[in-house]
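Work through the exercises below with the structure open beside you. Try each task before reading its solution.

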Amino acid sequence: MAWTITNELLTELFERGSRHGETAIVLGEGGWDCHVHHGLTPPENLTGITWETMAGFTGDEELDDEATRALLATADYSIRDEEGQRIPPGADTEWAVITGAVNDVTSAAEDLPWREARWFDLGTTRRILDQDDDELREERRAWSLWVTQRGQWLLATTSQYDSEPDQWVECTAQHAASLIYRADWSLLANEAELPLLARAARAARELTDLLEFEAPNSGSDPERQVAACWEARDVATEYENATRVVGTLVRETVQQEIRTSRQNAVKTVWLAHDSNSTTAANTLNMSRRTLKDLL
């Protein structure tokens with residue numbers, strides 16, 4: 001697979017393009033590659049050049065140098081890095097391509113347009129959460145959560161079916177925190193290796209678990225239900241008092257202290273950029289208005 005579409009890929013496409021509408025150079029997790037999608041249409045957003053497009057440049061002739069140059073001049077097919085620069089991976093770099101994004105409304109993974117895809121360094125990317133086994137792969141529900149060195153959260157989706165290739169999908173930090181919060185401890189990396197966001201999400205989960213209370217359930221018999229609740233009333237009273245007080249503590253004290261820490265962090269970044277609000281906001285991935293409010 002390749003960082004950009006090359007002469008060799010075009011030659012392969014020309015030689016393999018015998019099935020109408022099914023052969024194309026497509027961007028995948030490992031870069032550009034030539035695929036024959038038997039009985040399927042290539043993914044529209046990730047398709048660079050189809051056999052039909054190439055045929056429009058060659059007619060009934062062979063793929064010569066002139067046609068090759070014309071095809072490669074239609075667009076810049078090189079994949080940007082995480083900073084948006086068209087810099088190829090180093091020869092010794094183990095890299096992969098982000099080709100999808102989680103829809104914030106549906107929480108489903110959707111293909112990115114290939115022009116928005118980015119490559120990242122697998123060697124410096126950390127796995128945080130792993131929900132992947134043979135049964136999940138068969139049910140097409142296997143995935144793992146990773147974070148790049150630059151702080152981009154990614155889902156690696158895995159399937160045992162060739163028609164559903166593996167994919168790297170970007171997600172927001174909020175989505176990642178929610179996944180970490182709801183995950184079983186056994187699925188997470190060692191606590192010492194977790195980044196700050198993951199440790200904070202798990203601390204919130206620990207508080208929730210500590211205050212969790214389930215009402216007694218004695219089936220459909222009203223008398224048994226009353227008796228069970230009467231027996232648990234003292235414990236329930238203690239939990240009600242604790243959750244009410246801690247809920248107020250979180251709203252009035254904890255949230256304010258967290259906001260103060262956020263303000264201190266924002267001010268530090270702002271000062272590090274010589275009080276330049278534009279560059280500081282870009283670094284923090286927020287609007288200048290939000291930056292100003294926090295300062």
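**Exercise 1: A tilted pair**

Phe-213 has a relative accessible area of 35%, so this residue is partly exposed. The model used here is a predicted one.

Task: Classify Tyr-239 as buried, partly exposed or exposed, then describe its pairing with Phe-213.

Solution. Step 1: Buried means under 20% relative accessible area and exposed means over 50%. Tyr-239 has 27% relative accessibility, so Tyr-239 counts as partly exposed.
Step 2: The rings of Phe-213 and Tyr-239 are 5.2 Å apart, centre to centre, with 40° between the planes. Stacked requires planes under 30 degrees apart and edge-to-face over 60, and the rest are tilted. The pair of Phe-213 and Tyr-239 is therefore tilted.
Step 3: Phe-213 is in the loop between α6 (196–210) and α7 (222–231), while Tyr-239 belongs to helix α8 (residues 233–272), so the pair ties together parts 26 residues apart in sequence.

**Exercise 2: Two tryptophans**

Task: State how Trp-146 and Trp-168 are arranged and where in the chain they lie.

Solution. Step 1: A search of the whole structure gives six aromatic pairs. Trp-146 and Trp-168 form an aromatic pair with centres 5.4 Å apart and 75° between the planes.
Step 2: An angle over 60 degrees counts as edge-to-face, and this is the class of the pair Trp-146 and Trp-168.
Step 3: Trp-146 is in strand β8 (residues 142–147) and Trp-168 in strand β10 (residues 167–171), so placed that the pair links distant parts of the chain, 22 residues apart.
Step 4: Both Trp-146 and Trp-168 are buried.

**Exercise 3: A hairpin**

Task: Describe how β1 and β2 are joined and how far β2 is covered.

Solution. Step 1: Strand β1 (residues 23–28) and β2 run antiparallel and are joined by six bridges.
Step 2: The two strands β1 and β2 form a hairpin, with two residues between them. Ala-24 stands opposite His-35 in β2.
Step 3: Strand β2 (residues 31–36) is mostly covered, with five of its six residues buried.

**Exercise 4: Crossing helices**

Task: What is the angle between helix α1 and helix α2, and which residues make the contact?

Solution. Step 1: Helix α1 (residues 7–16) and helix α2 (residues 51–58) pack at about 95°, and their axes are 10 Å apart.
Step 2: Angles from 65 to 115 degrees count as roughly perpendicular, which makes α1 roughly perpendicular to α2.
Step 3: Leu-10, Leu-13 and Phe-14 of α1 make the contact with Trp-51, Met-54 and Thr-58 of α2.

Terms used:
Residues numbered from 1 in each chain as written. Predicted model: local features only at pLDDT ≥ 70, side-chain atom pairs only at ≥ 80, totals over all residues. Heavy atoms only, no water. Phe/Tyr/Trp six-rings, centres within 6.5 Å; stacked < 30°, edge-to-face > 60°. Helix = DSSP H or I, 4+ residues; strand = E, 2+ residues; numbered from the N terminus. Buried < 20%, exposed > 50% of the residue type's maximum accessible area, 1.4 Å probe, protein only. Pairing = 2+ DSSP bridges. Axes fitted to C-alpha atoms, helices over the stretch in contact; angles between N-to-C directions. Parallel < 35°, antiparallel > 145°, perpendicular 65-115°, else oblique. Contact = heavy atoms within 4.5 Å.
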